[in-house]
Amino acid sequence: MDIRGEVRIFAYIYIVCLFRNGFCSNGCSVAENWSVYSQNCYRCISDTSSWYAARSSCQKLEADLVTISNAGTQSFLEKLCPNTNRWIGLNDRHIENNFTWIADPTILLIYKPYDNWGYGEPNNYKGNEDCVYMTASNTWNDSPCSHEFRHYMCQKPLDLLQILNFESSSSVVHEGDSVWFKSQIRSKTMYEVQWFHNGYLITNSSRRYKMTSSKTEKNTYLHILLIANVLQRDMGAWEIRMSSHLTQASRNLTLTVFPRLILFMNPKYNFSILMGDEMNVQCTVTNPESLFDVTNGSLVITKDGSVLQEISSLNLSTTWNKYSAVEADSGRYTCTHSGYHVPVSVSVYVTVIQPEQKRCESEWSESVQWKATLAGTTKQEPCPAKQKGSAKRYCEPLGVWASPSLINCTSEAFTNVSLLLDVPIEDGIQDTKMVQDKVNNAIQTMKNIISTNELSAGDLSSSLDILEKIVALTNSTGSIIEKENVFYGVIDNVLSANNSKSWKTVSEKTVKDGSSILKNVDRLSEIVLQRDNITATHFRGSNYELTIDKTKIDETGIRFPDVPTNNISGSSEQISTFLELPKQETKVKKEIYYVAIVYKSISDILPSDLDKDQSKRSFDHTSKEKEYVNSPVVSLTTQNDFGLLVPPLNISFGHIKNESSKMYAVCVSWNFTVSKWTERGCNVSQSDHKRTVCQCNHLTNFAILMRPYSPATEDKQLLKTMSLVGVILSISFTVLTCVIYILTWRYIKSDQNIIMMNLCGSLILSYVIFSSAVEQTGHDGICIAITAIIHYLFLVTFFSMLGMGVYYFISITVTYYAMYVANNFKARSRVHWFLLAIWGIPIILTTATLGAFWGKGYHLESFCWLSPDSGSLYMFIVPVCLISVLNVVIIVTLVRVLCVSKAMAKSSLQKKASSALRSLGTLLPVLGVTWLFGILAVNEKADVFQYIFVFANSLQGFFIFISHVLLNQKVMQGLRNKYPALSTLASKDEHSKIETTSVSRSQSTCKPDASLVETKKQSIFDKTHNKKVKKSESFIAETTLATDCPLSTGHDKNSVLPDIYK
């Protein structure tokens, strides 16, 4: 660009910044008489000064005396400070007649050398003219620095960036050392910092370089790049670049790296030797250039820390020899270099085998010589020729070799490719072209090797690593795989059945399996679909088929691959696998790209683990059959995310094997988060022994998983259905009971019925919350709260049952045996103490459980309920069992009182059985004894108890309604009082009931209430005390569960005994 163009550009910049701010960059304020030209600010100052004083004044303004590097600047300054002598920054103070500019070179634009000396100048008149000024006629002249002129001109950069320094901790380092590069920047505006190594951009994604920035003082910043462990490849030019919206600046340094000292010990790995055999340990320097600056020292061999003296040494090698090994020679032998600046060592452990010790003899296997080894140890040997790594083999305690493991042996070609890809990944290099070249070279190298050879386990493991690195680099740098079909061909070869043995070894010895192929191809598909220019691609291999194409999803849908009609109907012997995505409602009306894949032979190398938390059916753990993938795997990825698919994706799978009758097909998709198959979002539409059709509401990788069929599955479903229906009925009838009690409260109000209302309320709440929220495990905090609430409400329910039992016990048993105690208890209402215990004790138990098991598996993973594994469930089971046992004891005492009464003694056997059954039917639902069946139902094989438990407890509310509403004469009398229309029907029902429960013909009709009560009470009196006692208090009548005869509206509260006495 010529000078005039540059002037126009910076004039424009100056006008813009002046218009916006009233000043230009770096404090070039117009109000302070600064003027802008090129990339600098200039100011003419009128102040009689020497050259030194003038420069000092400029520096106080963060500037310096002007530098004139071209005619444009000369012309500008002539106009800025005209018709006067003024100091400039040129001088030859250090070397006579070698004039230099004093300005910092970091703020100069250097063009070809320029000068504007006057005629005959410079002349160094009188030998002391070392400073230069511009004359009134605008030429340059030298003058004594102490001479004073009336004007001088200052200059500072217009640019907001100024590199104050750039340095490194050292320019020459050894491999393994640490080094830092540091740059101090002055800036008053935003700017970007970039680091480069040999021209390649380094980013924060680097695993080896740490880049930091900090503000040190006003407008000054410090940028540091640290290399904690220098490698040989770090040698070369290091550059820092700063850029803002106006300009940029850069500095660079060169780093020299000498290699780290490498010592090699022979034998390389720990070894055993027979007693009496010759023993040799040799240590060698493999890279002499690492000792370029080492002037002293030598190789030293030590045994367990003690230096060995009898060694033979050369310049770069030393050997310790023992002609006949003894037991004392066992130990660790270490080699070091005494003169190297940092400790570097290599060691081996030697075991001298005694004659009586078992050992594995030396032999060749898998192209590796396995030397004699002590039994019970693992032998490590170098890999076969042209392979890198180490081979391992275990010598069993009986002295027999196990199978060798060469999983860590990798061909040199694979090792080199992997190391080549490590450079941009570890160093965070973002040069797209460089990365693209490395990736394409790696793919081509893999194709050449894999297409002609069967892969060893080590090469297969390395191939999976290389594929992952290729995908990672492509994603991070935005580079393109130029020959994508070559990449797909490599995957096809990796999936070849020829590698099945190696796949099995890799799965057993490492954490890798076929799912790594799914993951990397999925990631690559997403990368491809994010590009601006997508090319339709079709690849069909022996083991893998892929298509990249576009479609209007709202018009045509997607079908892949195309299969013959006879394969779809199942008439062909080989049933094809294909997917079909119907038209989707979407806001995007344009064509979209998709990637569809079918993996034909991947089933054998994929894990069969199913996410049990998401399983829809039970799994028969006792079956000898194992889960396995029984279909090809299909995958679909689209450019746009459709969320839940409506209508769903249809996938037809042809089975690879004809499954046995003990197996059933499950539609699954691969969950990359947990690395397991999951049934979530997929259902079996139809299935037979050859083919399964699935419907899924999302996109990913799909397959068919065969699972052992569990006969208990249908039973579990039946139990679940029974529970659901029973809970709905229980809630409904419990609510109905509460409504009737509320309507008739003025007639039935009592302490016992207050407890009954609390029981019904807690039962309703616990059932509703349990059935609606027990599976809400999405948020752990919410699930913990749900678990605690359900725990509390169920405990309230059981303590209400206990309260009912205690009331029955005091009202009947205590009344029978200790009338005075019962009368004293009933003297005043004590229901508030019962309610305090019913609602208060569960708070203590629930809080204690939550505190004791917080963070220790408080609830189940798949349900919001107490966990038996952690033990929190026992904080519910123990109180329930205690309450149930207490209530059983109460029931026994009540039945005993019933049996010893005179009325029952004179009754017929049919009457006794009827009364006993009716009383038990009344007591059991409200006392919770049926929950004891839950303990017997813990064993999954106890099917009978499970059904009894589910039936009895899910219908608890129904039984409460029957016994405490329909069969409770006081409640029914209250309904007749409130609704007289019910009286006629109720009278007929009660008359029928009386007839069917008569004790004798003489008792076939009801006697007056008073005489009946008097008779029964007298029987009790005669039986227990043989003396007359006063009539029972009203509480006995209130606890009446059901009576043989209807109560009159105005009955005496003291005139009716509980039904269990009849």
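Which residue in β48 does Asn683 stand opposite? The points below answer this and then turn to other features of the model.

1. The structure under review is a predicted model. In it, the residue opposite Asn683 is Gln695 in β48. The two strands concerned are β47 and β48, the latter covering residues 691–696. They run antiparallel and are joined by five bridges.

2. These strands belong to an open sheet of five, arranged in the order β39-β40-β44-β48-β47 with antiparallel pairing. At its edges lie β39 (558–560) and β47 (682–687), each of which pairs on one side only. On average, neighbouring strands of the sheet are turned by 15° against each other, direction ignored.

3. A pair of helices also deserves attention. Two packed helices are described by the angle between their axes and the distance between the axes. For helix α6 (residues 457–477) and helix α7 (residues 484–494), the angle is about 150° and the axes are 11 Å apart. Angles over 145 degrees count as roughly antiparallel, and α6 and α7 are therefore described in that way. Their crossing is left-handed.

4. Which residues of α6 meet α7? On the α6 side they are Leu460, Ser463, Leu464, Leu467, Ile470 and Val471. Their counterparts in α7 are Phe487, Val490, Ile491 and Val494.

5. Side chains of opposite charge can pair when their charged atoms come close. The count of salt bridges in this model comes to 20. One of them joins Asp64 to Arg55, with the closest N and O atoms 3.1 Å apart. Asp64 has a relative accessibility of 12% and so counts as buried, since the limit for that class is under 20%.

6. Another salt bridge links Arg359 and Glu361, whose closest N and O atoms are 3.0 Å apart. Both partners fall in the partly exposed class: Arg359 has a relative accessible area of 24%, and Glu361 has one of 43%.

7. Are the partners Arg540 and Glu545 buried or exposed? Their side chains meet in a salt bridge at 2.9 Å, N to O. Arg540 is exposed, with a relative accessible area of 63%, whereas Glu545 is buried, at 8%. Elsewhere, salt bridges that share partners connect Arg208, Arg233, Asp234, Glu426 and Asp427 in one network.

Technical notes
Residues are numbered from 1 along each chain as its sequence is written. This is a predicted model: local features need pLDDT of at least 70, side-chain atom pairs count only at pLDDT 80 or more; totals for chains, interfaces and linings use all residues. Side-chain values use heavy atoms; hydrogens and water are left out. Two strands pair if DSSP finds at least two bridges between them. Helices (H or I, at least four residues) and strands (E, at least two) are DSSP runs, numbered from the N terminus. Axes are lines fitted to C-alpha atoms, for helices over the stretch in contact, and angles run from 0 to 180 degrees between N-to-C directions. A salt bridge is a side-chain nitrogen of Lys or Arg within 4 Å of a carboxyl oxygen of Asp or Glu. Buried means under 20% relative accessible area, exposed over 50%, partly exposed in between (1.4 Å probe, protein chains only). Angles under 35 degrees count as roughly parallel, over 145 as roughly antiparallel, 65 to 115 as roughly perpendicular and the rest as oblique. A crossing is left-handed if the near helix is turned anticlockwise from the far one by less than a right angle, and right-handed if clockwise. Contact means heavy atoms within 4.5 Å.
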